[in-house]
Structures are given as C-alpha cells and as structure tokens.
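Hi,

Here is the structure I promised to pass on.

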Amino acid sequence: IRKLIKDGLIIRKAVKMHSRSRVRKNLEAKRKGRHTGIGKRRGTKEARLPSKVIWMRRQRVLRRLLRKYRQQKKIDKHLYHFF
C-alpha cells in the first residue's frame, strides 16, 4: 500500500466542506426584511410577537413620559397618580 501511495495510484480523499456562507447570506437578507412574507410564517401573530409584550412596552414608555412630566412640573403628583 505504501508503494501505491508513493506512486500516486492511491490518493487521499478531500474532507467534505460544510459551508455556512449561504446561511450568512440568507441571514443578511432577513435582517433587511426579506423572506418574511405571510407564506414564510409558521407561528401565529401572537406567538411571533405577543400582544402582552407590546402592551408592556407601551406602558413602560407612557410611565417614563409621566415621570418626566412630573419632574418638569408639567403635571402634579395627584395627576401622576391618577394614571
């Protein structure tokens, strides 16, 4: 066998590659908003972005705003606690 290897009759097989370049390209497109149409969606609207999460975000934004207004004396503490 060593002689056959030396003569070049037996050569080593190249290791198979498992490239991620296609995956990277697809992810880049997804970040731009491609491939996210109705046909690509598997979960329900609620599963993809729960309305509870949206509500929580909205509440936090509004509460931040109220806090800011209270500090700027645009509203008094009674009005702040009313909301």
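Before the rest, two housekeeping points. This is a predicted model, in which local features need pLDDT of at least 70 and side-chain atom pairs count only at pLDDT 80 or more, while totals for chains, interfaces and linings use all residues. Residues are numbered from 1 along each chain as its sequence is written, and side-chain values use heavy atoms, with hydrogens and water left out.

Salt bridges

A search of the whole structure turns up two salt bridges, the criterion being a side-chain nitrogen of Lys or Arg within 4 Å of a carboxyl oxygen of Asp or Glu. As a reminder, side chains of opposite charge can pair when their charged atoms come close.

One of them joins Lys-3 to Asp-7, with the closest N and O atoms 3.1 Å apart. Lys-3 and Asp-7 are four residues apart in helix α1 (residues 2-7), so about one helical turn separates them. Lys-3 is exposed at 59%, whereas Asp-7 is partly exposed at 44%.

The other is between the side chains of Glu-28 and Arg-31, at 3.4 Å from N to O. Both residues belong to helix α2 (residues 21-31) and are three residues apart, again about one turn. Glu-28 is partly exposed with 42% relative accessible area, while Arg-31 is exposed with 62%.

Helix α4 and what follows

How far apart are the end C-alpha atoms of helix α4? They are 30 Å apart, which agrees with the 30 Å that its 21 residues (51-71) should span at 1.5 Å a residue; the expected span is 1.5 Å times one less than the number of residues.

Arg-64 is in α4 and is exposed, at 51% relative accessible area. Together with Arg-60, Arg-63, Arg-67 and Arg-70, Arg-64 forms a positive surface patch. Patches take residues with over 30% relative accessible area and no salt bridge, joining like charges within 9 Å and nonpolar side chains (Val, Leu, Ile, Met, Phe, Trp, Tyr) within 5 Å. For the charges, Lys and Arg count as positive and Asp and Glu as negative, leaving out His and the chain ends, and each charge is placed at NZ of Lys, CZ of Arg, CG of Asp or CD of Glu.

After α4 comes Lys-73, with a positive phi near 65°, although Lys-73 is not a glycine. Lys-73 is in the loop between α4 and α5 (77-82) and is exposed at 70%.

His-35 lies in the loop between α2 and α3 (45-48) and is partly exposed at 41%.

Finally, Ile-1, Leu-4, Ile-5, Leu-9 and Ile-10 make up a nonpolar surface patch with about 520 Å² of accessible area together; areas come from the Shrake-Rupley method with a 1.4 Å probe, and for residues only the protein chains shown count as cover. Leu-9 is in the loop between α1 and α2 and is exposed, at 65%.

Cheers

Methods: Helix = DSSP H or I, 4+ residues; strand = E, 2+ residues; numbered from the N terminus. Buried < 20%, exposed > 50% of the residue type's maximum accessible area, 1.4 Å probe, protein only.
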